Amino acid sequence: MDDMDDDDAPLVFRRGGKSASRQSQSNAEAKRTPSSSHNVNGQSSNGQRKASPLRSPITNSKSPMSSEIKQMPKQNASSAVRVEIKSVKSEKKSQVDDEDSEDDKPLSSRLKGAANNVKKEVGGPSHVKKEDSDDDDDDLPLASRMSTKPNHLSEKKPLASKLQQNGSSTSNTNKMKTPVVPNKRPMEKSNSSDQSSAKKQKLSVPSSTTKAKPAAVKAEEKADDDDDIPISQRIKKATVSARKPSSANTKATKVVSSSFKKANMKNTKQMKKSKFSKSTKVQPGSTDGQRKWTTLVHNGVIFPPPYQPHGIKILYKGKPIDLTPEQEEVATMYAVMKDTDYMQKPKFLENFWNDWRRILGRNHVIQKLDDCDFTPIYEWHQQEKEKKKQMSTEEKKAIKEQKMQQEEKYMWAIVDGVKEKVGNFRVEPPGLFRGRGEHPKMGKLKRRIRPRDITINIGKDAPVPECPIAGESWKEIKHDSTVTWLAFWNDPINPKEFKYVFLAASSSLKGQSDKEKYEKARMLKDYIHNIRAAYTKDFNNKDKDPTKRQIAVATYLIDKLALRAGNEKDEEEADTVGCCTLKVSNVECIPPNMIKFDFLGKDSIRYENTVEVELPVFKAIGQFQAGKGENELLFNALDTSKLNAHLKELMPGLTAKVFRTYNASITLDQQLYEETEEGDVAEKVVVYQKANKQVAIICNHQRTVSKTHDSQILRLTERIETAKQELKELKIDLERAKKGKPPLKGADGKQKRNLSPEAIEKKIASANQKIEKYEMDMTTKEDLKTVALGTSKINYLDPRITVAWCKRHEVPIEKIFNKSLLAKFAWAMDVDPEFRF
DNA sequence: AGTCGGACTTAGCACCACCGCC
DNA sequence: GGCGGTGGTGCTAAGTCCGACT
């Protein structure tokens, strides 16, 4: 066991604690501006907004589809899904849905009393082994890990004739009271509880048994080594190690599982219904070729309604101008964007003008955008919005319902006999392109998509969806079972690219690949030690060929800082970078060994971070910069395909993005393990949020500060002040009451009524509580104002970590996952409580 | 080896309904 | 009861990565 000495722990994640100050200022400009905090009204005129399908009942028998197939019993959308484990025994279904009142409390109150800690700094880590990647003999850790346990999922039989349904609401399971579980770490490799299915599929392509050999880096059973510690954590290592596993684990696990039995059974049932199990099982067999499905039935896509001219005239040089409906439509798109930041961008105006002008025609009266006044249309649009707002609840409901009816049939697909939700069955309405950051195409007209633009993918034996627009027809019908899309069209802005219609996140297909993603990331845990050793060796070795050295440094950065790979981009896109495309100007070496990063990453979100790095890395980066212009590539010998090709030699299936998943998930896992203490649910939820936040910071998931942030803070400050004043008075009153004197007049000048000292003491206590709560709300708010927690929860955090933690700590899962996430992560719900990432 | 088409994941923001607070 | 604030949801842009083709 070689120790990660903490001398290499110093990566400073400045972004952690200082986020508030960092952001407040940089956000406005660094972060892309468009529409950010603006009320963009655009969409609404053409843009379809409709009732959320998730909210709707799923058993609408009017749907042609639903009449074709039997549906699963209606699920109880409102009943909470509780974390459960399935198991062995006969089941008793006590369907008591004893919602405990705790669950219904708002977040704010849950936070109470807890989270001052939210503020804490993200530890600055680093590690990097300084040892050789030795012993080559322990391959296939994954394989063995995975096969250790049977997959209970696979034991389930699909309900033969019934159509199963994935998606919308979760089934009504009973809430289970989770037993308390000792906070121990389970035995390393035995926790692969439900992994069996995951080892097939892509991961197995270069199965660890076979090919994984390559460049020396192998998985290694290291009993104790903190390479698998998340970046942000390594620093804490000493403390951690004290808590490492023990032989007691087995016992703990056992006890737990048995105490879960009852619930397990329910869950088994539920799984049948929700049926992820089935596809999970089906998939493997389908490893034949790349087949993703065997039968696929759906109804195609729905189009936005045709444009309804409103006849409102714009003014040109002060005079009203007649426009054709087509011209008016585009003018309206522009008019309604008045309040957005796009209007300040010359590129946007230029692009819009070019496209609109084409529609107006060369010889149109309108010759200059500057002379146009779109206010009449803008105002008309505001009025329309207002009218909509004023509609009665019933009217709104009726409209919603109608829309619902129209759309119901498009909402579902039947994949291998299972009814699954379709993700985006609405064709994108026309509009002006809202590229992010300084996108060269912003403002261009995104033309209307017609059936002739759309290719449909459907099962061979399934009926071809009827084209919803009379007299028109689909571009093409395909029957390609190696892909998961139901339809696509070429992006009108960039015709080389496509827009796809996929199944919803709750579908088995998506669930399956999600699971595979996390399994791959978990696999990295077994390889990471040697990978780190390898790149350390490589960047230390100065005679190494430059490519190799660049690869080593790039890998280091991707690992340490969770940078994205950084594909090359063409001129037609916003100028953003990732690791491989970092420019000389994006990094600054600050002796003795600090590196400052400053660049625009995905979505033109600014990444600004100063970190301490290994000295060899520092030197190497300096050398990569030497003799280059500011605008040249730092890693000139590298691109993502070379980098990924290299990574694949280190671990089957490894690519740059796996590091992000790995570091995010393992950080959560460890944080939860280390930080969760005895306490009430609210306190535990705070621990979770704190861990979540840490991950969001690592991944640089930002959001714009809400428009009302400042006023919210102000309001809280005022409340705190008022409460403090009250407290002061109460204290005086208390003293007086003790002496039998009446209270003083209040701040409002009114005489207060006499109260006993006890009563006043009570009031004091509650005032104190109130102040505490307000202060905490304020801290949390300030702290999270630029941090987006959702993205990591949705995309980077293995849900099994969360579910297992909830089980261990008796936290109702819906405290953490909302309805969509519960549906999306259905596959993770039966995880063993002792699961570790 | 490099390019490009293709498929799929990841991302932040707009909008709206709902809920708690005053 | 009204209103502000928030969480959930939908939307679609912008990434990653693979593999076929040249």
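## Overall picture

Of the 837 residues in chain A, 53% count as buried. The model is a predicted one. Its secondary structure comes to 24 helices and 16 strands in chain A.

How much of the contact in chain A links residues 24 or more positions apart? Taking contacts with a separation of 6 or more, such residues account for 79%.

## Helix α15 against α16

Two packed helices are described by the angle between their axes and the distance between those axes. Helix α15 covers residues 546-561, and helix α16 covers residues 615-625. Their axes come within 11 Å. They cross at roughly 120 degrees. Angles of 65 to 115 degrees count as roughly perpendicular, and those over 145 as roughly antiparallel. The pair α15 and α16 is therefore oblique. The crossing of α15 past α16 is left-handed.

Which residues make this contact? From α15 come R549, Q550, V553 and Y556. From α16 come P616, V617, A620, I621, Q623 and F624. By class, the residues of this contact of α15 with α16 divide into seven nonpolar, two polar and one charged.

## Helix α15 against α18

Helix α15 also meets helix α18, which spans residues 656-675. Here the axes come within 8 Å and cross at roughly 30 degrees. Angles under 35 degrees count as roughly parallel. The helices α15 and α18 are therefore roughly parallel to each other. This time α15 passes α18 in a right-handed crossing.

On the α15 side, the contact is made by T555, I558 and D559. On the α18 side, A656, F659 and N663 take part. The contact of α15 with α18 has three nonpolar, two polar and one charged residues.

## Aromatic rings

How many aromatic pairs does the structure hold? There are 23. One of them joins Y500 and F502, whose ring centres are 5.3 Å apart. Their planes meet at 25 degrees, so the pair is stacked. Y500 has 30% relative accessibility, so Y500 counts as partly exposed. F502 is at 27% relative accessibility and therefore also counts as partly exposed.

Elsewhere, ring pairs link several residues into a cluster. Its members are Y334, F352, W353, W356 and F374.

H709 sits in helix α20, which runs over residues 709-738. Is H709 buried or exposed? Its relative accessible area is 4%, so H709 is buried.

H709 and E782 are 73 residues apart along the chain. Which residues does H709 touch, leaving aside its neighbours within four places in sequence? H709 is in contact with K781, E782 and K785.

V681 belongs to helix α19, residues 681-698. Its relative accessibility is 18%, so V681 counts as buried. The cut-off for buried is under 20%.

V681 and V811 lie 130 residues apart in sequence. C-alpha to C-alpha, V681 and V811 are 5.9 Å apart in space.

Terms used: Residues numbered from 1 in each chain as written. Chains lettered and ligands numbered in written order. Predicted model: local features only at pLDDT ≥ 70, side-chain atom pairs only at ≥ 80, totals over all residues. Heavy atoms only, no water. Axes fitted to C-alpha atoms, helices over the stretch in contact; angles between N-to-C directions. Helix = DSSP H or I, 4+ residues; strand = E, 2+ residues; numbered from the N terminus. Left-handed = near helix turned anticlockwise from the far one by under 90°. Contact = heavy atoms within 4.5 Å. Nonpolar A, V, L, I, M, F, W, Y, C, P; charged D, E, K, R; others polar. Phe/Tyr/Trp six-rings, centres within 6.5 Å; stacked < 30°, edge-to-face > 60°. Buried < 20%, exposed > 50% of the residue type's maximum accessible area, 1.4 Å probe, protein only.
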